[in-house]
Amino acid sequence: MRTLILAAGQGTRLRPYTEDRPKCMVALAGSPLLHRQMAAMKHCGVSEGITVIGGYRSGDLDTLGAGLVINPEYASTNMVRTLFCAEDQMVLGEDLLISYGDIVYEPEVLQAMLDCDAPVCLAADRDWRRLWQLRMDEPLDDAETFRMNAQGNVVELGKKPESYDQVEAQYMGLIKIRADQVQAFKDAFHAMDRSQIYDGKDFDNMYMTSFIQHLIDSGWPVKACLVSNGWLEVDTAEELEAYSAMANDGSLDGYCQLSS
């Protein structure tokens, strides 16, 4: 298996914690997000073939011996372009795991992804609303659409929802591409029209959800790997502080038990 962790962003909403370090190196309850994520990977036997893709303050990344690739255009591009800076690490014949750098998750969440044998698997939280209520007064304000068909394949994601009915789960930022689909995955990216606008963004700045939606619209079966909490996204300073306080008093365990 090859694993790519996307860690190039500037994390402006996590300031002041990201003034002197990349977002993934911000500590949650004493350990950097990146290290917590890698601890969960190690627990599941994923310890080789890991590459961190950095950008902002990449010299301050501690990859614990994992590989490092830099997106030199991190300030003017988005996640998909960051991902394909490490295209050489996408090897035909090996499963490809892709993870956002600002999430943490329990080993059980990752193991569910590793056990998924679909061409493309997306980790998605069916109990997302419970978690989102920790983050904001109105969960729908920061949610994205996530709709599935009867077979459990994703048919829509990443749009602004008008109702909770349009959010059957919440995409978590964890993706797996099956080994025999890795070359087709790369080919799909290179075949995209670079002059088009994708969900309001140009090619260099399109969201990862826009790229996944492109795959779905092109006929790719994208399976939802459903979990019930067991993860956190740390996007703002307020969230970091709230989660850290909950970790200290033990109440965070009801949502996500932190690996260390």
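Two strands are taken to pair if DSSP finds at least two bridges between them, and strands (E, at least two residues) and helices (H or I, at least four) are DSSP runs numbered from the N terminus. The model is predicted, so that local features need pLDDT of at least 70 and side-chain atom pairs count only at pLDDT 80 or more, whereas totals for chains, interfaces and linings use all residues. Residues are numbered from 1 along each chain as its sequence is written, and side-chain values use heavy atoms, with hydrogens and water left out.

Seven strands form an open sheet with mixed pairing, in the order S5-S4-S1-S6-S11-S8-S12. Strand S5 (67–70) and strand S12 (222–227) each have a single partner strand and stand at the edges, so one side of each lacks a neighbour in the sheet. Within the sheet, strand S1 (residues 2–7) pairs with S6 in the parallel sense over five bridges, and Arg2 stands opposite Leu96 in S6.

Cys225, located in strand S12, is buried, with a relative accessible area of 9%. Residues up to four places away in sequence not being counted, Cys225 touches Ala112, Met113, Leu122, Ala123 and Ala124.

Technical notes:
Buried < 20%, exposed > 50% of the residue type's maximum accessible area, 1.4 Å probe, protein only. Contact = heavy atoms within 4.5 Å.
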